[in-house]
Amino acid sequence: QVRVVESGGGVVQPGNSLRLSCAASGNTIISIYNMGWYRQAPGKQRELVANINSGGNTNFADSVKGRFTISRENAKNTMYLQMNSLKPEDTAVYFCHVDVNTIIPPGRHDIWGQGTRVTVSS
């Protein structure tokens, strides 16, 4: 089965940076189409932060445009979120979502990681 693991979260002061990583693994993977970062703050619904498709096309939430950058290394099945100029409102658990094509079972599947916590506090 496919496993998705996030890393890189932590506690930082406003204005600092973090880099999140998401690694997908499993010998059933044929290819990964879309990958994205979502976040959920306590008491709030999960929201899209940024996503990127296999061709490198990206989109971002308005709240992070100009501050965050999303990228991926397809050969490693890995995605990154570079988070700069962090604000307290960025505090949330960040989840990795992967749209993956597998051989067993055949077809495309949505896989979620367990999340990595980001806290931005002064």
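The model is predicted, so local features need pLDDT of at least 70 and side-chain atom pairs count only at pLDDT 80 or more, while totals for chains, interfaces and linings use all residues. Residues are numbered from 1 along each chain as its sequence is written, and side-chain values use heavy atoms, with hydrogens and water left out.

Let us start with the covalent link. The structure holds one disulfide, a term used here for a pair of cysteine sulfur atoms within 2.5 Å. Cys22 is joined to Cys96, with an S to S distance of 1.8 Å. The link of Cys22 and Cys96 is left-handed, with -70° about the S-S bond. Cys22 sits in strand S3 (residues 18–25) and Cys96 in strand S9 (residues 92–102), so this pair links distant parts of the chain, 74 residues apart. Strands here are DSSP runs (E, at least two residues), numbered from the N terminus. Cys22 is buried at 0% relative accessible area, and Cys96 is buried at 0% as well; buried means under 20% relative accessible area, with a 1.4 Å probe and protein chains only.

Next come the charged side chains. The structure holds six salt bridges, each a side-chain nitrogen of Lys or Arg within 4 Å of a carboxyl oxygen of Asp or Glu. One of them pairs Arg39 with Asp90, the closest N and O atoms being 2.9 Å apart. Because Arg39 lies in strand S4 (residues 29–40) and Asp90 in the loop between strand S8 (78–83) and S9, the pair ties together parts that are 51 residues apart in sequence. Asp90 also meets Arg67 in a salt bridge, at 2.8 Å from N to O. Arg67 lies in the loop between S6 and S7, so this pair ties together parts 23 residues apart in sequence. Arg39 is buried at 6%, Arg67 at 10% and Asp90 at 0%. Together with Glu47, these residues are linked in a network of salt bridges: Arg39, Glu47, Arg67 and Asp90. Elsewhere, Arg108 and Asp99 form a salt bridge at 2.4 Å, N to O, and Asp99 is buried at 9% relative accessibility.

Finally, look at Val64, in the loop between strand S6 (58–60) and strand S7 (68–73). Val64 counts as buried because its relative accessibility is 0%. Leaving aside neighbours within four places in sequence, Val64 is in contact (heavy atoms within 4.5 Å) with Arg39, Val49 and Asp90.

Terms used. Helices (H or I, at least four residues) and strands (E, at least two) are DSSP runs, numbered from the N terminus. Buried means under 20% relative accessible area, exposed over 50%, partly exposed in between (1.4 Å probe, protein chains only).
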